[in-house]
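I open this notebook to record what I looked up, entry by entry. Each entry takes one topic and notes what I found.

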Amino acid sequence: VQLVESGGGLVQAGDSLRLSCAASGLTFSNYAMGWFRRSPGQARDFVASITMSGDLSSYAESVKGRFTISRDNAKNTVYLQMNNLKTEDTAVYYCATYYNYYVGSYYRPTCPDEYDYWGQGTQVTVSS
């Protein structure tokens with residue numbers, strides 16, 4: 001299984017970025033997907049997650065209304081649209097997979113320990 005994130009960069013506060021995570025080596029539609037982030041010296045924090053089908057999603061309070069997670073199962077890709085970025089959003093962003101044993105499950109974990117595979121991360125830096 002390989003997850004490759006892209007789309008990070010250096011932006012100013014108030015700008016937008018869209019992160020992508022391309023997955024290979026798995027049946028993508030069998031996995032819920034999550035985005036997490038880690039700031040220097042901090043633990044890996046939950047950002048957003050989405051069900052296998054893409055019908056339902058969850059967000060950290062700090063990003064609600066600004067970030068949107070989505071997926072395209074035909075392209076084996078999950079996205080994170082980030083609008084109105086703030087300096088506190090600066091972090092390395094990771095995507096991760098969660099295998100759902102039940103077809104049609106709405107479960108989309110928020111705890112990083114539940115996830116199976118991780119990408120290498122992409123840096124997002126927001127300047128003031």
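Predicted model: local features only at pLDDT ≥ 70, side-chain atom pairs only at ≥ 80, totals over all residues.

**Entry 1, Tyr99.** I looked up the contacts of Tyr99, counting heavy atoms within 4.5 Å as contact, and, leaving aside its neighbours within four places in sequence, I found Asn30, Tyr31 and Asp116. Tyr99 belongs to strand β9, which covers residues 91–99; strands here are DSSP runs of E with at least two residues, helices are runs of H or I with at least four, and both are numbered from the N terminus. Tyr99 has 29% relative accessibility and so counts as partly exposed, where buried means under 20% relative accessible area, exposed over 50%, and partly exposed in between, with a 1.4 Å probe and protein chains only.

Residues are numbered from 1 along each chain as its sequence is written, and side-chain values use heavy atoms, with hydrogens and water left out.

I took a nonpolar core to be a set of buried Ala, Val, Leu, Ile, Met, Phe, Trp, Tyr and Cys residues joined through side-chain atoms within 4.5 Å. The largest such core has 33 residues, and Trp35, Val78, Leu80, Met82 and Tyr93 touch the most other members. At least two residues of this core come from each of β3 (17–24), β4 (31–38), β5 (44–50), β7 (67–72), β8 (77–82), β9 and β11 (122–127). For Leu80 I listed contacts beyond four places in sequence, and they include Leu17, Trp35, Val47, Phe67 and Tyr93.

Which cysteines does a disulfide join? With a disulfide taken as a pair of cysteine sulfur atoms within 2.5 Å, the search of the whole structure gave 1, and this disulfide joins Cys21 to Cys95 with an S to S distance of 1.9 Å. Because Cys21 lies in strand β3 and Cys95 in strand β9, the pair ties together parts that are 74 residues apart in sequence. The torsion about the S-S bond of Cys21 and Cys95 is about 55°, so the disulfide is right-handed. Cys21 is buried at 0% relative accessibility, and Cys95 is buried with a relative accessible area of 0%. Cys111 is partly exposed at 31%, and its sulfur lies 17 Å from the closest cysteine sulfur, in Cys95, which is too far for a bond.

I counted Phe, Tyr and Trp rings (for Trp the six-membered ring) as pairs if their centres lie within 6.5 Å, with planes under 30 degrees apart called stacked, over 60 edge-to-face and the rest tilted; the whole structure has 9 aromatic pairs. Phe36 and Tyr115 have ring centres 5.1 Å apart and planes at 80°, so the pair is edge-to-face. This pair links distant parts of the chain, 79 residues apart, with Phe36 in strand β4 and Tyr115 in the loop between β9 and β10 (117–118). Phe36 is buried at 0%, and Tyr115 is buried at 6%. One aromatic cluster is formed by Phe36, Phe46, Tyr94, Tyr98, Tyr107, Tyr115 and Trp118.
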